[in-house]
Amino acid sequence: MEKSILPIPTHLKNILIPKGDKNDEFFVAGDIACTCGNKEFYLSYLGAYENEIITLCEYEGVFYLAIECKCKECGQVHLIFDDNLHGWNGFVCGDESGFEGYEEFPMEKFKKLWKCPKCNDEHHEVSVAISSEGKEDFLENCEDTEFSEEDWVNAFSWITISTSCKNCGFIDKTWIDYETM
Ligand SMILES: [Zn+2]
Ligand SMILES: [Zn+2]
């Protein structure tokens with residue numbers, strides 16, 4: 001499968017390595033690898049942790065959910081998903097002038113390092129699966145807008161992030177399982 005036809009969002013182009021045989025225009029799954037080649041990360045989430053599920057947090061009437069990972073080898077930080085920037089709601093329905101909700105945002109209050117629920121270790125491998133309504137659907141819905149044709153990959157409808165603990169091997173296949181439209 002040619003990579004250009006897969007719905008890999010622009011911000012993940014360099015770090016999502018597709019794998020498996022289910023990938024097509026409407027679905028892509030793969031592992032996250034840093035541009036240095038390493039696949040071991042410190043994961044953090046910006047959100048709320050309720051009933052063992054990571055969900056949106058609210059600050060001054062705005063809802064937030066964001067996931068980033070920091071490479072254990074080179075320290076680069078990669079944003080994996082931000083509900084206010086990515087996916088159908090964040091990207092297509094977002095503010096044309098850009099999201100301004102981080103200007104006064106108390107990051108340290110809401111951003112938390114993820115630790116394995118079984119062994120408390122901080123090192124994880126990360127996989128991502130993205131579902132999309134496809135290119136045609138995007139072009140039909142976004143006619144006469146400021147978006148370009150290539151933007152269809154950024155309008156994905158669902159993201160699933162799975163984690164694998166490097167210490168005990170605990171796997172959470174649906175660590176984040178989130179509809180974006
Ligand atoms: Zn790295
Ligand atoms: Zn563990």
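**Overall form**

The model is predicted, and the protein it shows contains three helices and 13 strands. A compact globule of 181 residues would have a radius of gyration near 16 Å, and because the protein has 16 Å, the two agree. Along its principal axes, the C-alpha trace spans about 50 × 45 × 30 Å. Of the 181 residues, 31% count as buried. Among the contacts between residues at least 6 apart in sequence, 59% join residues at least 24 apart.

**How the strands pair**

| Strand pair | Direction | Bridges | Example of partners |
|---|---|---|---|
| β11 and β12 | antiparallel | eight | V126 and T163 |
| β12 and β13 | antiparallel | six | I161 and I176 |
| β8 and β9 | antiparallel | five | A66 and D82 |
| β3 and β11 | antiparallel | two | F41 and H124 |
| β3 and β10 | antiparallel | three | S44 and L113 |

Strand β3 also pairs with β8, in the antiparallel sense and over six bridges, and in this pairing S44 stands opposite E68 of β8.

**The nonpolar core**

Which residues touch the most other members of the largest nonpolar core? Of its 37 residues, these are I32, I67, I80, V126, V128, I159 and I161. The elements that give two or more residues to this core are the strands β2 (27–32), β3 (41–46), β8 (66–71), β9 (77–82), β11, β12 and β13, together with the helix α1 (87–92).

S162 lies in strand β12. Is S162 buried, exposed or partly exposed? It counts as partly exposed because it has 19 C-beta neighbours inside 10 Å, whereas a residue is buried if 20 or more other C-beta atoms lie within that distance. Leaving aside its neighbours within four places in sequence, S162 is in contact with S127, I171, D172, K173, T174 and W175. The C-alpha atoms of S162 and E146, by contrast, are separated by 33 Å although these residues are 16 residues apart along the chain.

K39 is found in the loop between β2 and β3, and K39 is buried because 20 other C-beta atoms lie within 10 Å. Leaving aside its neighbours within four places in sequence, K39 is in contact with D31, A33 and E125. K39 and H124 are 85 residues apart in sequence, yet they are 8.2 Å apart in space, C-alpha to C-alpha.

**Two loop residues with a positive phi**

Most residues other than glycine have a negative phi. Against that background, E52 has a positive phi of about 65 degrees although it is not a glycine. E52 is found in the loop between β4 (48–50) and β5 (53–55), and it counts as exposed because it has 7 C-beta neighbours inside 10 Å.

D144 is also not a glycine, and its phi is positive at about 55 degrees. The place of D144 is in the loop between α3 (135–141) and β12, and D144 is exposed, with 5 other C-beta atoms within 10 Å.

Conventions: Residues numbered from 1 in each chain as written. Chains lettered and ligands numbered in written order. Predicted model: local features only at pLDDT ≥ 70, side-chain atom pairs only at ≥ 80, totals over all residues. Pairing = 2+ DSSP bridges. Helix = DSSP H or I, 4+ residues; strand = E, 2+ residues; numbered from the N terminus. Core = buried A, V, L, I, M, F, W, Y, C linked by C-beta atoms within 7 Å. Buried ≥ 20, exposed ≤ 12 C-beta atoms within 10 Å, placed from the backbone. Contact = placed C-beta atoms within 7 Å. Rg over C-alpha atoms; globule rule 2.2 N^0.38 Å.
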